[in-house]
2 protein chains.
Amino acid sequence: MPRTLIHATTKLGFLGAGQLARMSALQAFRFGIQVAVFSDRPEDEPVQFMTPFSYSGSFDSVDDMVAFAKTCDVVTLENEFISSDLLKQVQEQSGTPIFPSPASFALIENKLIEKETFEAAGIPVTPYKLVKSEEDLITFGDEYGWPFMLKSSKGGYDGYGNAIAKDLETAKEGFDKLGGIKGHDILAEAFVPFTKELAVQVARNETGTVVYPCCETVQENHINVAVVSPAPIDEKHQKRAQKLAIKAMEAIDGKGIFAFEFFLTDSGEILLNESAPRPHNSGHYTIEGCVTSQFENHVRSVLGLPLGSTQMNKPVAVMMNLLGTHNRPAKTDHISESLATENGHLHVYGKIQSKVGRKMAHYTLLGENGEDTFNKAKALTKGIEI
Amino acid sequence: MPRTLIHATTKLGFLGAGQLARMSALQAFRFGIQVAVFSDRPEDEPVQFMTPFSYSGSFDSVDDMVAFAKTCDVVTLENEFISSDLLKQVQEQSGTPIFPSPASFALIENKLIEKETFEAAGIPVTPYKLVKSEEDLITFGDEYGWPFMLKSSKGGYDGYGNAIAKDLETAKEGFDKLGGIKGHDILAEAFVPFTKELAVQVARNETGTVVYPCCETVQENHINVAVVSPAPIDEKHQKRAQKLAIKAMEAIDGKGIFAFEFFLTDSGEILLNESAPRPHNSGHYTIEGCVTSQFENHVRSVLGLPLGSTQMNKPVAVMMNLLGTHNRPAKTDHISESLATENGHLHVYGKIQSKVGRKMAHYTLLGENGEDTFNKAKALTKGIEI
């Protein structure tokens with residue numbers, strides 16, 4: 001298939017059927033192509049209401065995924081939990097290209113290899129060490145200070161796969177819990193005193209590379225509640241974060257849309273913290289905030305189309321995550337004021353069941369000024385119940 | 001169902017499965033609701049690739065449509081070809097509300113009643129008369145001048161249902177062809193010397209009314225090739241057209257999104273030409289051109305949600321219709337330049353088969369200046385083959 005035109009029967013397959021695939025699928029439809037989706041969940045997932053082409057199977061089964069991939073022209077992912085080795089087999093056996101490529105996945109699926117790869121490319125990362133024993137834990141704590149983080153090298157999601165080592169006792173507990181006791185690779189990572197958590201999205205394919213503004217991810221009680229773009233930081237830090245994100249993307253030959261999360265340290269350093277080979281929560285604001293959204297550039301990049309402009313449409317965009325407030329069949333209530341507000345945009349993910357804390361929806365408000373827009377967006381979403 | 005919140009299982013049904021339903025469905029998905037579609041076409045239609053809930057049937061069969069409507073919470077339409085009488089029966093027998101309402105449809109489905117309704121509301125329309133005989137044709141031509149238009153009172157689409165009466169012979173031919181000979185109501189309509197063709201979209205429901213800028217629809221060889229918004233006309237004409245559009249909407253108690261097409265005459269008058277109870281080609285530019293698109297306000301209005309701002313995002317938006325250039329399985333080629341252009345947005349409708357002249361896609365370019373943006377959009381789309 002030539003990759004510079006759009007066939008009506010081109011089918012883009014998503015491994016994963018949640019909100020990230022859903023918002024990408026909406027952009028695929030805008031280009032007039034078809035969407036197929038593969039899910040391992042028993043309940044109906046958001047994308048399954050958006051296509052007649054739904055497949056069920058296991059993310060551990062090459063056969064299941066090959067059967068799916070054979071129905072698609074291109075396959076992409078919305079998470080990083082399928083091993084690169086399986087992805088490689090799926091690509092080879094189905095003959096269907098997968099973007100981001102299994103080779104890129106191989107460089108980031110293991111946090112040890114990820115950090116080594118980025119370090120080798122000259123990208124500053126948070127201090128880390130592979131820990132294998134009680135002695136290693138003590139040595140790391142003594143060198144970089146207590147508390148520190150323990151992370152499973154196999155990664156995690158929203159804090160799973162992490163533990164805090166406050167002292168030797170909790171360090172040992174965390175090590176065992178994360179699988180160190182079974183021989184899994186466990187990383188110790190220093191807590192870096194930071195003033196901001198930042199994120200930058202990069203899209204890249206054979207036609208070129210585009211980088212989004214550096215945004216701030218705002219946490220409350222260790223939960224990402226909001227994103228402000230551009231981040232309220234010096235322009236030199238903005239530029240530095242964007243430059244490092246592009247460098248990281250090139251280091252892994254990333255094709256698709258990736259997000260890179262950084263710390264801005266108290267001393268003014270930008271350290272790469274995590275990478276995600278997919279659309280990212282920190283980039284949801286780009287749907288209305290930028291000329292081309294992360295989801296559109298996701299679709300463009302995996303299809304081989306030229307990438308779109310990442311310019312902002314207004315000086316500031318603020319995205320508020322709307323987490324489940326009840327355990328109940330999903331309904332989104334008390335939304336009139338937020339919907340009626342100029343430049344306020346509500347996105348609901350179509351999940352059937354709401355759970356307290358589950359990502360159910362988000363709200364983006366565009367404005368002229370970061371602080372005002374943030375406060376307004378917060379006030380407008382405070383009463384929403386999901 | 002309370003109409004101020006969104007249920008994940010709310011199902012919006014579309015009677016019709018073409019590009020207008022498709023672009024509306026994309027907005028329904030954004031609100032996390034489900035989409036069902038009813039089509040009378042044998043081939044797969046654009047929306048059928050976007051939902052597992054596809055129904056086939058006849059637009060003449062109340063039973064078919066009732067069975068469909070019973071699976072939906074709200075039903076809407078993408079065309080005006082189902083008789084209001086059938087729609088009323090479908091609504092009554094299914095218990096599912098239809099927006100726009102059958103009562104609104106009843107006021108515009110017949111061009112004679114439509115014109116009388118709008119005239120009675122004080123809205124200037126093009127001079128017309130019901131013609132029943134050769135004598136009526138002669139009298140009309142002599143009073144309003146030859147040539148004039150003949151229109152089937154049952155309406156039409158893109159010029160179907162119309163005929164030009166150049167002289168008595170062609171008048172009689174047109175009268176017969178449009179069904180006058182079988183007793184159908186035929187309208188004679190004067191050609192009005194106009195400088196511009198204009199259009200205004202209005203969205204309205206129980207929460208309020210919003211009106212879009214007045215845009216210009218640009219024709220080449222009687223085919224609408226482009227839309228420029230705002231129309232390059234005096235502000236007083238802009239305001240007048242918007243005011244008349246709201247008045248027309250109120251005259252028929254329209255709920256949903258409607259488009260009203262006007263002539264700006266040589267003498268500076270604004271005359272209402274046609275109305276459409278649905279998203280309209282003239283409003284495609286609103287997807288990127290306005291804070292809230294016509295499709296989003298379509299969905300909001302039929303769900304009973306507050307309507308969104310119609311402010312423009314940039315001074316000017318130009319939309320180019322991309323018509324089929326070949327008779328072939330659809331593919332959209334030579335799009336790289338248009339995709340790579342800042343603020344250029346390509347929409348492909350997902351039709352499987354391309355035909356010369358068929359509406360297959362559109363391209364919107366935002367800019368600062370009407371003429372420059374129009375020329376640039378034209379140049380960028382000239383080479384696209386579909």
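**Exercise 1. State how chain A is divided into domains, and characterise the contact between domain 1 and domain 3 of chain A.**

*Solution.* Step 1: chain A comprises domain 1 (11-98), domain 2 (127-190) and domain 3 (194-382), with bounds that come from an automatic or database domain assignment. The model is predicted: local features need pLDDT of at least 70, side-chain atom pairs count only at pLDDT 80 or more, and totals for chains, interfaces and linings use all residues. Residues are numbered from 1 along each chain as its sequence is written, while chains are lettered from A and ligands numbered from 1 in the order in which they are written.

Step 1: between the C-alpha centres of domain 1 of chain A and domain 3 of chain A there are 23 Å. Contact (C-beta atoms, placed from the backbone, within 7 Å) joins 20 residues of domain 1 of chain A to 18 residues of domain 3 of chain A.

Step 2: on the side of domain 1 of chain A that touches domain 3 of chain A, α1 (19-30) and β5 (74-77) of chain A each supply at least two residues. Here helices (H or I, at least four residues) and strands (E, at least two) are DSSP runs, numbered from the N terminus. The largest share of that side, eight residues, belongs to α1(A).

Step 3: by class, this side of domain 1 of chain A holds 10 nonpolar, five polar and five charged residues. Ala, Val, Leu, Ile, Met, Phe, Trp, Tyr, Cys and Pro count as nonpolar, Asp, Glu, Lys and Arg as charged, and the others, Gly among them, as polar.

**Exercise 2. Trace the pairing of strand β13 of chain A.**

*Solution.* Step 1: β12 (residues 215-220) and β13 (residues 223-229) of chain A pair in the antiparallel sense over five bridges, with Glu216(A) opposite Val228(A). These two strands form a hairpin with two residues between them, and Asn221(A) in the turn has a positive phi of about 50°.

Step 1: β13(A) also pairs in the antiparallel sense with β16 (residues 316-323) of chain A, over four bridges. Met319(A) in β16(A) is the bridge partner of Val227(A).

**Exercise 3. Derive the relation between chains A and B, and describe the contact of the two chains.**

*Solution.* Step 1: chain B is superposed on chain A by a rotation of 180° with 0.0 Å of shift along its axis (RMSD 0.0 Å). The two copies are therefore related as by a two-fold rotation axis. Superposition is by least squares on the C-alpha atoms of residues with pLDDT of at least 70 in both copies.

Step 1: the contact takes 43 residues from chain B and 43 residues from chain A. Of the interface residues of chain B, 100% are also interface residues in chain A, so the copies meet through the same surface.

Step 2: strand β1 (residues 6-7) of chain A pairs with β18(B) in the antiparallel sense over two bridges, and Ile6(A) stands opposite Thr332(B).

Key: Pairing = 2+ DSSP bridges.
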